[in-house]
Amino acid sequence: MSESDTVLDRVRRALGRTGPLLKPPTPPAIDEPITRLVHTDIGLPELFARRAEEMKMHVDAVHPEELFGGLVEFLKANACHSLVLTDSPLLERLRLAEQLNAKGFEARRWSEITLDGLYQFDCGITDVTYAAAETGSLVIRSSAAHGPAVSLVPPIHVAILEPKNFLPDLVDLFERLKTDADPASVVMITGPSKTSDIEMNLVVGVHGPCKVQLFILQ
Amino acid sequence: MSSTIGSEPLDAHSEAFLHEAAASKFDFHSVSVKAAGDERLKTAINNAVLKQYTARQLRLLDLPDADRLRTLAGDIKQHALDYLDYYLVQLQQNVRKNGGHLHFACSGDEAKQIILDIAKNANCKSVIKSKSMVSEEIELVHTFEANGINVVETDLGEFIIQIGKDKPSHLVAPIVHKDRQSCGRLFSEYFGTPYTDDPQALTMQARKHMRDRFRTADMGMTGGNFLVAETGQVCVVENEGNARHSVTSPRVLVSLVGIEKVVPRLVDLAVMLKLLARSATGQPFTVYTNIFGGPRKPGQKDGPEEFHIVLLDNGRSEILAGEYRETLRCIRCGACLNACPVYRKIGGHAYGSVYPGPIGALITPLFQGLGNFKDLPQASSLCGACYEACPVKINIPQHLINMRRDIVNSHLNGFLERAIYRLWAWSLKSPLLYKLGSIMQKWELRRRAKKTGWVKKMPMVGSGWTQIRDMPAPARKTFHQMWAKRDHRN
């Protein structure tokens, strides 16, 4: 008898069953009125921005033509010189890598570097898959073009959000993630990395980025 | 506040507590008396847990109906437990579909062997491990160390526990029993750097130390807050980002999770996550919520090449079979610890187990035998604060009462206690004996209270009562006597 049979056998015995359960059981229904915190599609970027700022991220709402100027200003103010960008359609469309290189930054695409090399960079610039307004969370599905390491390893993370990213509630988010093809790794980012382990003192910037800057495209 | 211990570090007695707790016959009474007498420890723990407790109260107000959401969360977990066999099979199929491996382990030793074999087969020399209670339960770190595999706890609190050879004393705030001076001294010794006790500076030292480990580790280890049956994924929440490194950088990833962590659907996470961080630390949401399963896809440069889930039973299926099944709903948020007047007075180490507080008082005897931990179910005033705080509505006080019944039924209480109760029951059955007993009792107590009007000391078994309280002398006449002579005119 293999190990898997043993634990499963014990569980079945504990539940008073003699064989496998053939008919799938029905889990409790998600009672939306008590579960949902956000009931509307209206004003999601604004709600998201408010929540994200409460979670200590910096948020700027910009028109597409203002983005590059704001980005350059932020990078200079934070002494970021070497940058990694995910190979995302949005960032390509905005031609950020080319423009940043022309401006004197050292901007590389994720496809051009190694995971090991990522540790040398000052800042990771990414788009997001979704943005959950309820919690102010950036949601990133990992793929070859969008390695989650880009928003983890460099000490500063810049994310660029567009209107189609926003979802109202966590209920909507998980329903959407369920219908997305094959379950990829997903990370939800809700602020800079932090700890309160030593005497409950809040320290920002432990193992992940110490600063998260968001640009919401209008 | 006691001044005699003012110069000692806050965790001065931790080692003694741990030593006593590890003894074959765990004496909760003596350890808890010592812990409760340590005023500084008590103050530190109180401050920390009250901060989390107050934040929790405030954050629950975000929810439209926190009470009913807790009921729903409890129902979801209960459903998953009632059909655990179905969901474990579903999980196993989906993990395989995602290209991962799922292993079942009956015991801690079996789990450790499975994990060691994975490490050896993949030639892993270094492990980065994120915080998980189940790994504390089976003392996984020691196994790695004993087998020459370099392992580092990457959560800041757990790292401090690891280099101090200490044990966590709270489910979510592991070093609540340590002050910054203790942490500063440990860091200075371990890194050979000048002493500092500034939390910011200490955290940056840890960050610097870990970065290279993250970059070069062969294997990442995590626990799991939830397992999603319908997608075969693990969900791990955290604030620091160290668990993210575990799932992102190393080529091998192993998640060690208890079998009771399964939820049926991805959308169940919406319910659970709305409650988890709020109940634990009073945050609306944790900084990082990692949902993962399976190895990296072709073309991906991060994420593991090899992914394993090790599902641990270690006594859980036995709990599942009995009347304490509900205790397996626990999501390890620590809200019951923060709410508990006993935990606030004695801290976590006094419970002699990795699972302290009200939930620990229940599951420790269930995991490790009632005989070894028969005092823990008594470590409660049954005030119900834990039940009120529990995000999955485990009726902890009721289960504690039931466990006290088990103690009596299995004759684990002392001979003297049994004899006294039998005597009492016998006297209650006979009016004559009862009358005689109450006259004698009144006479003796009034004799003892002659001088001050208070009974200050009682002999033998009664001494425990008067050790910490005085009792007023009984009235000259009993209620029965007064009733018999009452005025009948009304």
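Lys393(B) lies in the loop that runs between α18 and α19 of chain B, where helices (H or I, at least four residues) and strands (E, at least two) are DSSP runs numbered from the N terminus. The model is a predicted one, in which local features need pLDDT of at least 70, side-chain atom pairs count only at pLDDT 80 or more, and totals for chains, interfaces and linings use all residues. Residues are numbered from 1 along each chain as its sequence is written, while chains are lettered from A and ligands numbered from 1 in the order in which they are written. The phi of Lys393(B) is near 50°, a positive value in a residue other than glycine. Lys393(B) counts as buried because it has 20 C-beta neighbours inside 10 Å; a residue is buried if 20 or more other C-beta atoms lie within 10 Å of its own, exposed if 12 or fewer, and partly exposed in between, with C-beta atoms placed from the backbone.

A positive phi is also found in chain A, at Lys56(A), where the angle is about 70° although the residue is not a glycine. Lys56(A) sits in the loop between α3 (44-54) and β1 (58-62) of chain A, and with 16 C-beta neighbours inside 10 Å it counts as partly exposed.

In chain B, helix α17 (residues 357-368) has 12 residues, which at 1.5 Å a residue should span 16 Å, and the end C-alpha atoms are 16 Å apart, in agreement with that value; the expected span of a helix is 1.5 Å times one less than its number of residues. Since 10 of the 12 residues of α17(B) are buried, the helix is largely enclosed by the rest of the structure. The buried residues of α17(B) include Ile359(B), Leu362(B), Ile363(B) and Leu366(B), and the buried residues of this helix pack against α14 (316-321), α15 (335-339), α16 (341-346), α18 (385-389) and α19 (396-409) of chain B. Just after α17(B), Gly369(B) takes a positive phi of about 95°.

The contact between the chains takes 62 residues from chain A and 80 residues from chain B, two residues being in contact if their C-beta atoms, placed from the backbone, lie within 7 Å. On the side of chain A that touches chain B, the elements giving two or more residues are α1 (3-14), α2 (32-35), α7 (170-179), β9 (186-189) and β10 (194-195) of chain A. The largest share of that side, nine residues, comes from α1(A). The residues of the side of chain A that touches chain B divide into 34 nonpolar, 17 polar and 11 charged, where Ala, Val, Leu, Ile, Met, Phe, Trp, Tyr, Cys and Pro count as nonpolar, Asp, Glu, Lys and Arg as charged, and the others, Gly among them, as polar.

Strand β9(A) pairs in the antiparallel sense with strand β9 (residues 288-292) of chain B over four bridges, two strands being paired if DSSP finds at least two bridges between them. In this pairing Val186(A) stands opposite Ile291(B), and the bridge partner of Ile189(A) is Tyr288(B). Within chain A, strand β6 (residues 137-141) and β9(A) also pair in the antiparallel sense over four bridges, with Val186(A) as the bridge partner of Arg141(A). In a regular strand the side chains alternate between the two faces of the sheet. In β9(A), Val186(A) and Met188(A) point one way and Val187(A) and Ile189(A) the other way, and all are buried.

Ile259(B) is found in the loop between β7 (252-258) and β8 (262-263) of chain B, and counts as buried because it has 25 C-beta neighbours inside 10 Å. Leaving aside neighbours within four places in sequence, the contacts of Ile259(B) include Val7(A) and Val11(A), together with Leu84(B), Leu88(B) and Leu311(B).

Chain B comprises 23 helices and 12 strands, and of its 490 residues 51% count as buried. Chain B averages a pLDDT of 92, and 96% of the residues score at least 70, pLDDT being the predictor's confidence in each residue, from 0 to 100. Over residues 1-6 of chain B, however, pLDDT stays under 50. Where pLDDT is low, the predicted coordinates should not be read in detail. The model scores ipTM 0.96 and pTM 0.92.
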